[in-house]
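The following note is intended for a colleague who meets this structure for the first time. Its points are numbered so that each may be checked in turn.

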Amino acid sequence: MPAPTPVPDFIIRPPSQPEANYLPAIPADPGMPTWLKTVLGMLLLLAVLGGGMYLFRDQLFATLAVDQETAKITRAAGADGKTAIIVTGDIVNTGRGEETVQRLRLRFKDVDGTVIGERTIAITATSLPPQGRTRFEVRIEDAPAASKVEVAAE
């Protein structure tokens, strides 16, 4: 005869009814909406960029300008029969700090406004105080035949 199988001291049975959970449900904190985070980030970025541009505006933006009222461009006969251009005028420091003028940039344009040539001419370095001005005169012997010449100080 076979030996009887032992009976365990306890029996595991699945519950017949689910146990009731009496803990209150706490909703998860949704935090700040994503769109609001994006908008605030953009505003912060614009504020930082705007503040930096304001602080360094004299370094970022050109403060040397050629006074268009005094600028004069005349054509004269050159030594080799070509037309020479003589550019005269005043350079003005429109910034709040002292600036040094080192060169002039001349851009030659045709009738349609297309750039046909450009020259950068070194001049005697002149330090200009705020709102200061200095006179210049430049002669270019081998200038292209342009209908318009733009002058800028650097």
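Which residue stands opposite Ile 73 in strand 3? The residue is Val 87. The points below place this pair in its setting.

1. The model is a predicted one. Its protein chain holds two helices and seven strands.

2. The protein chain has 154 residues, and 21% of them count as buried. Its accessible surface is about 12000 Å², with 60% belonging to carbon and sulfur atoms. Among contacts with a separation of 6 or more, 67% link residues 24 or more positions apart.

3. Pairing around strand 3. Strand 3 covers residues 83-93 and pairs with strand 1 in the antiparallel sense over three bridges. In strand 3, Asn 93 is the residue opposite Leu 64. Strand 2, residues 72-77, runs antiparallel to strand 3 and is joined to it by six bridges; the pair Ile 73 and Val 87 has already been named. Strand 6 is also antiparallel to strand 3, with eight bridges between them. Val 87 faces Val 138 of strand 6, while Ile 73 is likewise opposite Val 87.

4. Cover of strand 3. Ten of the eleven residues of strand 3 are buried, and the strand is thus described as mostly covered. Thr 88 lies in this strand. Is Thr 88 buried or exposed? Thr 88 is buried, because its relative accessible area is 13% and the cut-off for burial is under 20%. Apart from neighbours within four places in sequence, Thr 88 is in contact with Thr 70, Ala 71, Lys 72, Arg 135, Phe 136 and Glu 137.

5. The nonpolar core. The largest nonpolar core comprises 18 residues, and those with the most contacts inside it are Ile 91, Leu 104, Leu 106, Phe 108, Phe 136, Ile 140 and Val 151. At least two residues of this core come from each of strand 1, strand 3, strand 4, strand 5, strand 6 and strand 7. Strand 4 gives the largest share, four residues. Residues up to four places away in sequence aside, Ile 91 touches several residues, including Leu 64, Leu 104, Ile 123, Phe 136 and Ala 153.

6. Thr 120 is located in strand 5. Thr 120 counts as partly exposed because its relative accessibility is 49%, and exposed would require over 50%. Beyond residues up to four places away in sequence, Thr 120 touches Arg 103, Leu 104, Arg 105 and Glu 154. The C-alpha atoms of Thr 120 and Ala 152 are separated by 9.5 Å, with the two residues 32 apart along the chain.

7. A loop residue with positive phi. Gln 131 sits in the loop between strand 5 and strand 6. Most residues other than glycine have a negative phi. Gln 131 is not a glycine, yet has a positive phi of about 65 degrees. With a relative accessible area of 56%, Gln 131 is exposed.

8. Met 32, Trp 35, Val 39, Leu 40, Leu 43 and Leu 46 make a nonpolar surface patch of about 630 Å². One of these residues, Leu 43, belongs to helix 1, which covers residues 34-55.

Notes. Residues numbered from 1 in each chain as written. Predicted model: local features only at pLDDT ≥ 70, side-chain atom pairs only at ≥ 80, totals over all residues. Heavy atoms only, no water. Core = buried A, V, L, I, M, F, W, Y, C linked by side-chain atoms within 4.5 Å. Buried < 20%, exposed > 50% of the residue type's maximum accessible area, 1.4 Å probe, protein only. Contact = heavy atoms within 4.5 Å. Areas by Shrake-Rupley, 256 points an atom, 1.4 Å probe, with all protein chains shown as cover. Patch = residues over 30% accessible without salt bridge, like charges linked within 9 Å, V, L, I, M, F, W, Y side chains within 5 Å. Salt bridge = Lys/Arg side-chain N within 4 Å of Asp/Glu carboxyl O. Pairing = 2+ DSSP bridges.
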